[in-house]
Structures are given as structure tokens and as C-alpha cells.
Amino acid sequence: MIKQSPSKIKTGSPENFISHAQISGIGIALPEKIITNFDLAKTLDTSDEWIAARTGIHERRIGDKNTATSDLCVTAAQQALQEAEISGSDLNLIIVCTVTPDNPVPSTACLVQERLGAKQAGAFDLSAGCTGFMYGLTVGSQFIETGFCQKILVLGADMLSKITDWNDRSTAILFGDGAGALVLTPSHAEKSGLLKFRLKADGSGASFLMVEAGGTRSPACEETVKNRKHYLKMEGKPVFKFAVNAILDGVTGVLKEENLTVDDIDCFIFHQANIRIMENAAKQLKIPMEKVFTNVGRYGNTSSASVPLALYEARQEKKFTTGSYVLMVGYGAGLTWGSALMRW
Ligand code: UT7
């Protein structure tokens, strides 16, 4: 017999009805150390002028050698749990979206689970490049909507500084470290919470953003280290073009399904890779830049952390309030992209 999902059962008290997943708490973590464009120009053939004009980035946060991704996760998670007024032991599931885990094995999610005392929770890592957080948000929301879980922690956390070739000016200027955490719980109100999702991938662009060695194709050895194959390489130009199209598709895709237009949206949160990508996409979509939240200038591209970091700061700056529509889009290695429409 097919069991009906609890989300579709609309009997008895309103609490039995789950309309969507909602965000009950947000937390962030950023390393203290700030590296400015001027700092980078001391060791690289670059300038503040070039970096600021081509990317909009002025500075980024970089973790020290003793800090690992799970450390940022735990700090962000504690803040999110506090806002949600729950503790680690209340969680059913922890998803850590990252491409920079503490170790290849075990998952960073298990390290976080232990440190949060989340004894009832399952835990796994999710890898989808800089789109990781959008994938994690979508996966977590499905578990809430089906009634399988009631309290989920979704983390977007990366320390790309640890896989950056600091001699390569084409990538070293772009990245920063950070983490963002969300607590997902069921929303019992109609049309409230995370309403629509879109997940996409195009593996034909896999080589555009890649760490060549350290996996099964090319296991770590003296040769791979000598040839700097453990660093993230990127072909900037095709990725730029892809990124703009990813935003266009991410925005129009979910809006169409929900019968809304860009004018209905109060705040757009795009992956913070380059201000020119956001401006280009906004122009094509006819979205005024005042509705596009940006903090890329202060943090650079923090990969999976970028959307939750921006969401946290946009809320702090009251770019959206109760009842506002917020549309988030992520894109990155894979290639992957994804979007989510939320009613706050
Ligand atoms: O999160 C994953 C998604 N990632 C992205 O979305 C990144 C997408 N790509 C980009 O944002 C841009 O392609 C970059 C910011 C990476 C590069 O900007 P660009 O406008 O595409 O520059 P370019 O690579 O075409 O380079 C233009 C020139 C070249 O010199 P020539 O050949 O014109 O003489 C580069 O060698 O700028 C030079 N250049 C630099 N100059 C000073 C490249 N990097 C630098 C640098 N400082 N850091």
C-alpha cells in the first residue's frame, strides 16, 4: 500500500498540515583575518584597481592553518540553533554542503554532528561546487515536506583558501572562507517558507572548474603535489558566461512555475562570485540593482557559504521582512546551478 505523505494530509489540527519547509534560524561564521587587494598585490602581479573593477571584490576573510571547515560550521550552527531555540540533540539531520571537507573520509557532517551533540541526527556531506548550498536547501526541504524530518541543519561552508594556488593571480584574487547555517522546520501556514526549487547540472563543463588530483582519477602522490594539481583551476571566461545564464535560468524557471514576475520579488540573493555577473544578469532580467543584495566586496567568493552569508546580512539590513518574496540562485563547479523561491 502506498502511504500518503503527511504533508498532503490536511485533517485535524492545523499543526498536522505541513505546507513547506521554513527557515527558523540563521547563523554565520567568518575567519577574523582580512586580506585586502593591496595585500595580494604585494605578492602577485595584480592591483586593487584591476580586482575591484573586474570583480567588485575589495577584501576577503581567510582562515588560519589551524582552522578547518568543521570549525566554521560549528560556530555558524550554534548561532542558527540559538535563534531557532533548539539544541543539537533536537536535530534529525545535518547536511554539510562543501567542496573543502576537513578530511576526504569521514564526512565533515559527522564531525559537526559530534560537536553539536546531535545524537538523534543523521549526517552527510553534499558536493555541488558553489551551488552546494542550493542543493542542500532543496534536499533538506524535501525531507521536511514529506514529514520524514522535523528539524534539519543545512550548512554551506567552504575554505577555498586551502585549495587555492596563491601563485595564480587568476584565482587567488577571487576566493574567501566562510560558513552559513540554516535550521529548517515545517511551516504550517499556506504559501509560506520555501515554495519552489530548481536544480540543474551540465557536466560538459566539468573541466572549467576543477581540482585535478587527490581523487581516484589521479590519487595524491609526489608528482601531483609537485605539479600543483591539488589546487582549484578555473577557466574564467566560459564560467562567467555560464554564470550569467545560470542566474537567468534560475530566476525565470521558479518564477514561471509560481506565476510570478521579477517585480513580485523583494530581494534577490545570487551567488557572490563577481559583481559584474550579478549586474549583467540583473540588467537582462530588468531587475533594479537595489533589489540584488551584494556583499562580494567584503568576502569575495565563499563558495557554498555565499548564499547563506548574503541571506543573513540581507535580513539584518531589512532587505526583506515578513511576507516578502526572496529568490536565491547558486551556480558553480560541475557545472551546477539551482534556485529557490521563498516567502519569508
Ligand atoms: O564560484 C564559481 C563561479 N566562478 C565565477 O563565476 C568566476 C567567473 N569568471 C570571472 O569572474 C572572470 O572571468 C574573472 C574575474 C576570473 C576574470 O575576469 P576577465 O574579465 O574574464 O579577465 P580575463 O581572464 O579575460 O583577463 C583579462 C586580462 C588578461 O591579460 P591580457 O591577456 O588581456 O593581457 C589577464 O592576464 O587581465 C589579466 N589578468 C589579471 N591582471 C591583473 C587576469 N587576472 C589578473 C589579475 N590582475 N588578478
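Thr302 is in the loop between helix H10 (296-299) and helix H11 (306-316); helices here are DSSP runs of H or I with at least four residues, strands are E runs of at least two, and both are numbered from the N terminus. This is a predicted model, where local features need pLDDT of at least 70 and side-chain atom pairs count only at pLDDT 80 or more, while totals for chains, interfaces and linings use all residues. Residues are numbered from 1 along each chain as its sequence is written, and side-chain values use heavy atoms, with hydrogens and water left out.

Back to Thr302. Its relative accessible area is 1%, so Thr302 is buried (buried means under 20% relative accessible area, exposed over 50%, partly exposed in between, with a 1.4 Å probe and protein chains only). A polar atom of the Thr302 side chain lies 3.1 Å from the backbone nitrogen of Ser306. Setting aside neighbours within four places in sequence, Thr302 is in contact with Asp158, Gly176, Asp177, Gly178, Gln272 and Leu309, where contact means heavy atoms within 4.5 Å.

Next, His271. This residue sits in the loop between strand E11 (267-270) and helix H9 (275-285). At 2% relative accessibility, His271 is also counted as buried. Which side chain does His271 join in a polar contact? That of Asn301, at 3.3 Å. A polar contact is a pair of N or O atoms within 3.5 Å; within protein, one must be able to donate a hydrogen and the other to accept it, and residues adjacent in sequence count only if both atoms are side-chain atoms. Outside the four places either side in sequence, the contacts of His271 include Cys130, Met278, Ser303, Ser306 and Tyr331.

Now the helix pairs. Two packed helices are described by the angle between their axes and the distance between the axes. For helix H8 (residues 236-257) and H9, the axes come within 9 Å and cross at roughly 45 degrees. Axes are lines fitted to C-alpha atoms, for helices over the stretch in contact, and angles run from 0 to 180 degrees between N-to-C directions. H8 and H9 are therefore oblique to each other; under 35 degrees counts as roughly parallel, over 145 as roughly antiparallel, 65 to 115 as roughly perpendicular, and the rest as oblique. On the H8 side the contact includes Phe240, Ile247 and Val251, and on the H9 side Ile277, Asn280 and Leu285. The residues of this contact divide into nine nonpolar, three polar and one charged. In that scheme Ala, Val, Leu, Ile, Met, Phe, Trp, Tyr, Cys and Pro are nonpolar, Asp, Glu, Lys and Arg are charged, and the others, Gly among them, are polar.

The other pair is helix H3 (residues 69-84) with H4, packed at an angle of about 45 degrees with axes 9 Å apart. That makes H3 oblique to H4. Ser70, Asp71, Cys73 and Val74 of H3 meet Thr108, Leu111, Val112 and Arg115 of H4. These residues divide into four nonpolar, two polar and two charged.

Thr108 belongs to H4 (residues 108-115). Thr108 is buried, at a relative accessible area of 0%. Its side chain reaches the backbone nitrogen of Asp102 at 3.0 Å.

Last, Ile95 in strand E4 (residues 93-97). Ile95 is buried too, with 0% relative accessible area. From Ile95 to Val112 is 17 residues in sequence and 9.6 Å in space, C-alpha to C-alpha. Not counting residues up to four places away in sequence, Ile95 touches, among others, Phe124, Leu126, Val139 and Ile152.
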